[in-house]
Each structure stands twice: as structure tokens, then as C-alpha cells.
Amino acid sequence: MDDTDFLRKWFLLGEDSHACKRAYRRSTFSHLMFPLGVTFEDLYINTSTLLHAGKLCAIPDVLYYYENEEHGSITQVKSVKNLLGLSRASMKAMTDLPDGARYKPYREMFRLQALIPLFYIWYHYKNDANYINKSMVQPQAVVELYSVLSQKADPWYSNSLEQMDPGMTQELSYAAHCLSLEYKIKIMGGLKLDIQQKEKDMAGYLIRLLSVDSVIHTLSVNWKRKFIDMLEKYRNLKSLHLRVQQKVLLHSALFHMDMPLILEGKHLLKKGMQRE
């Protein structure tokens, strides 16, 4: 392909990040090595090689078959080690990117993708303290990584990870998914790529986020407004199932109402169901 910049941006998205699908010219990357003792090592070298390669090309040949359901694969096993590896690899990709507006959407996408596994770890840790302890990882290591990655503009910034209950941790992970997808959709749209599936994914995460009662208490008014505006944007997607469109309308209507009234209505409805 003549448009090397397109390929660079496409590969930076991480949609096709497996090193086994690539060939690297040794003379160009004479000191290239995978880091030892980590998982998701592909991501550790992806960004730096893409940025320093003078020439990129893609071939249409099918040369590799990838078994996605392989038992024991790091992409399938949600252990603390694998999740921390994914978080640190995403952080490495973020820090390898140069400063400047051109790469800001990628940096934010990687930062949010580095936070999502930490929410997952903490959710399971709050439900079972042994989840982290048996992995020989100190909880403080997760907290410190979370502190480095969180920014003041995030909806969860004012909430300490140590103080979060499992429910709040799960809901804020949905928020991180939504914000990460927002950047990915923006990047893919700029590259004229099909974003239909990503938009469906976004609508699903937004509905999950706004379906939980504690979100009403946790998120600030501005963030509630932002997520509702995002959800309303996807209301008329032709690819959305009718039931999903109905949920979009329902949540939009609820969040435009007075919050105390919604909570009181849900409480009364719950009591009525218990009586029956």
C-alpha cells in the first residue's frame, strides 16, 4: 500500500497486534527483543516498531491460522498476572507515543485500556481477597498503577480504588470501556473504516453503565449528562436491535427526570414486587 501512514494508524489501533503475523527486518531493528517474564509482550514492541519503521507493507496471503478458543491462552485466562501484563503493556504503548495532538487520541485510548484490567482485578479482589494474594501480587501494586494512570478529568478520579465496593468498580469499568471506545470510533472514522460493530459495542456498554442504581449516586451531574448524550447519539442506529433502541429511550427519559423521583419510584416498584 502506498499510504504507509494509514497502515501505521491501523496497526496502532491494536486490532491486528499479534507479532506472529508480522515480519521484521533485522537490520532495521537490530536490538529488538521481547521483554522477559511478562504477558502480552507483543504490545511492548508494537508502538515503537511502528513509529520507527521507515517502510510498511501488507500482504493479502493467508499464512497463519489463529486458534482463538485455545485453553490456557493468555487472552482467555483472566488471571491477575495476565491482566496486570495487559495493563502495563498498554501503558508502555501509551508512553512510546510521541507528544502532540496527532497521537493524543491513541494515547488516551491506550491509557483507558490500561485502566480497564485494573478495575477487573479490583472487582474480583473485593469479592475474594485471595484472588490477588494467591497470585503473589501485592494489592498496593494495583493501587499504584491505578494512581499513575488516572487523570483529573476521569469520572472515577475522586474515588479511591481502595474505597470502591465491587459494584462501583464494575460500573466505573463500563465508563472506562465507553471512553476508550469513543476514541477508537473517532480514530476509525477518520481512517474511513467500518465502525458499525464498535457503535453497537458502545451502546451496549452505555446501557450497562446507566442500568445500575449506584451510577446515579457515583457519577457527577456533568458525567451523567455526557453519558446520556452519548447514548442518545446511538438511538437511531439501524444495526441496533429494537429492544436495545427501547432501552436507549427508557434511560434517556429516566435521566432527564429528577433523580430523587427515580430512586423513589424504583424503591416503590421493588416493594410492590416483594408483596406480590
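## Two packed helices

In this predicted model, the crossing formed by helices α4 and α6 is left-handed. Two packed helices are described by the angle between their axes and the distance between the axes. For α4, which spans residues 104-127, and α6, which spans residues 139-149, the angle is about 150° and the axes lie 10 Å apart.

On the α4 side, the contact is made by R111, A114, L115, L118, F119, I121, W122 and Y125, while α6 contributes P139, V142, V143, L145, Y146 and L149. Sorted by class, the residues of this contact comprise 13 that are nonpolar, none that is polar and one that is charged.

## The second largest pocket

Rolling a probe the size of a water molecule over the atoms shows where empty space is left. The second largest pocket holds about 870 Å³ of space, and of the 24 residues that line this pocket, K21, R22, A23, C57 and A58 are the closest to its centre.

The lining of the second largest pocket includes residues of each class, with 14 nonpolar, four polar and six charged residues.

## Salt bridges

The count of salt bridges in the model comes to seven. A salt bridge joins the side chains of D5 and K9, with a distance of 3.2 Å from N to O. Why are D5 and K9 separated by about one helical turn? Both belong to helix α1, which covers residues 4-12, and they are separated by about one helical turn because they stand four residues apart in that helix.

Conventions. Residues are numbered from 1 along each chain as its sequence is written. This is a predicted model: local features need pLDDT of at least 70, side-chain atom pairs count only at pLDDT 80 or more; totals for chains, interfaces and linings use all residues. Side-chain values use heavy atoms; hydrogens and water are left out. Axes are lines fitted to C-alpha atoms, for helices over the stretch in contact, and angles run from 0 to 180 degrees between N-to-C directions. A crossing is left-handed if the near helix is turned anticlockwise from the far one by less than a right angle, and right-handed if clockwise. Contact means heavy atoms within 4.5 Å. Ala, Val, Leu, Ile, Met, Phe, Trp, Tyr, Cys and Pro count as nonpolar, Asp, Glu, Lys and Arg as charged, and the others, Gly among them, as polar. On a 1 Å grid over the protein atoms alone, a cavity is a set of points where a 1.4 Å probe fits but cannot get out, and a pocket is an open set with protein on both sides within 12 Å along at least five of seven lines; lining residues have an atom within 4 Å of a point. Grid points are joined across faces, edges and corners, and a volume is the space filled by probe spheres set on the points. A salt bridge is a side-chain nitrogen of Lys or Arg within 4 Å of a carboxyl oxygen of Asp or Glu.
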